[in-house]
Amino acid sequence: MLHTYRKTATIQAEQFDGSEKMMKHYGIHEANVPPMVTDLNLYLPTKEGDMVIKQDDWIATGVDGEHWVIANDIFRRTYERCD
């Protein structure tokens with residue numbers, strides 16, 4: 001039977017602005033392969049491996065301090081600020 005669920009844990013998140021400061025803080029790095037002309041090829045290291053990150057994506061921090069990327073449009077539809 002299909003059921004509906006919602007997330008019960010809160011997360012911390014900040015929007016990636018493309019700055020060197022954020023890149024250094026989160027360990028964001030460029031690809032090890034030559035980038036395509038139209039692609040920035042920036043990656044955020046996560047528990048599951050590197051995730052592509054673009055400016056205006058959100059960097060989420062989970063309950064165990066892990067990070068992952070959430071696209072801006074998905075973040076806006078999924079999360080609401082509660083502080």
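A: Strands here are DSSP runs of E with at least two residues, numbered from the N terminus. This is a predicted model, and in it Thr-61 belongs to strand 5, which covers residues 58-61.

Q: Is Thr-61 buried or exposed?
A: Thr-61 has a relative accessible area of 17%, and because buried means under 20%, it counts as buried.

Q: And what does its side chain make a polar contact with?
A: The side chain of Thr-61 makes a polar contact, at 3.0 Å, with the side chain of His-67. Leaving aside neighbours within four places in sequence, Thr-61 is in contact with Ile-11, Gln-12, Glu-66, His-67 and Trp-68.

Q: OK, the sheet then: what's the strand order?
A: The order is 1-5-6, in an open sheet of three strands with antiparallel pairing. Strand 1 (12-15) and strand 6 (67-70) stand at the edges, and each has a single partner strand, so one side of each has no neighbour in the sheet. From one strand to the next, the twist averages 25°.

Q: How many bridges join strand 1 to strand 5?
A: Four bridges join these antiparallel strands, and Gln-15 has Trp-58 in strand 5 as its bridge partner.

Q: Switching topic, what volume does the largest pocket have?
A: Its volume is about 560 Å³, and 16 residues line the pocket, with Ile-11, Tyr-79, Glu-80, Arg-81 and Cys-82 lying nearest its centre.

Q: Which elements give two or more residues to that lining?
A: Those are strand 1 and helix 2 (72-78), and helix 2 provides the largest share, three residues.

Key. Residues numbered from 1 in each chain as written. Predicted model: local features only at pLDDT ≥ 70, side-chain atom pairs only at ≥ 80, totals over all residues. Heavy atoms only, no water. Buried < 20%, exposed > 50% of the residue type's maximum accessible area, 1.4 Å probe, protein only. Polar contact = N/O pair within 3.5 Å; in protein donor to acceptor, adjacent residues only side chain to side chain. Contact = heavy atoms within 4.5 Å. Pairing = 2+ DSSP bridges. Axes fitted to C-alpha atoms, helices over the stretch in contact; angles between N-to-C directions. 1 Å grid on protein atoms, 1.4 Å probe; cavity = no way out; pocket = protein on both sides within 12 Å on 5 of 7 lines; lining within 4 Å. Points joined across faces, edges and corners; volume = space filled by probe spheres on them.
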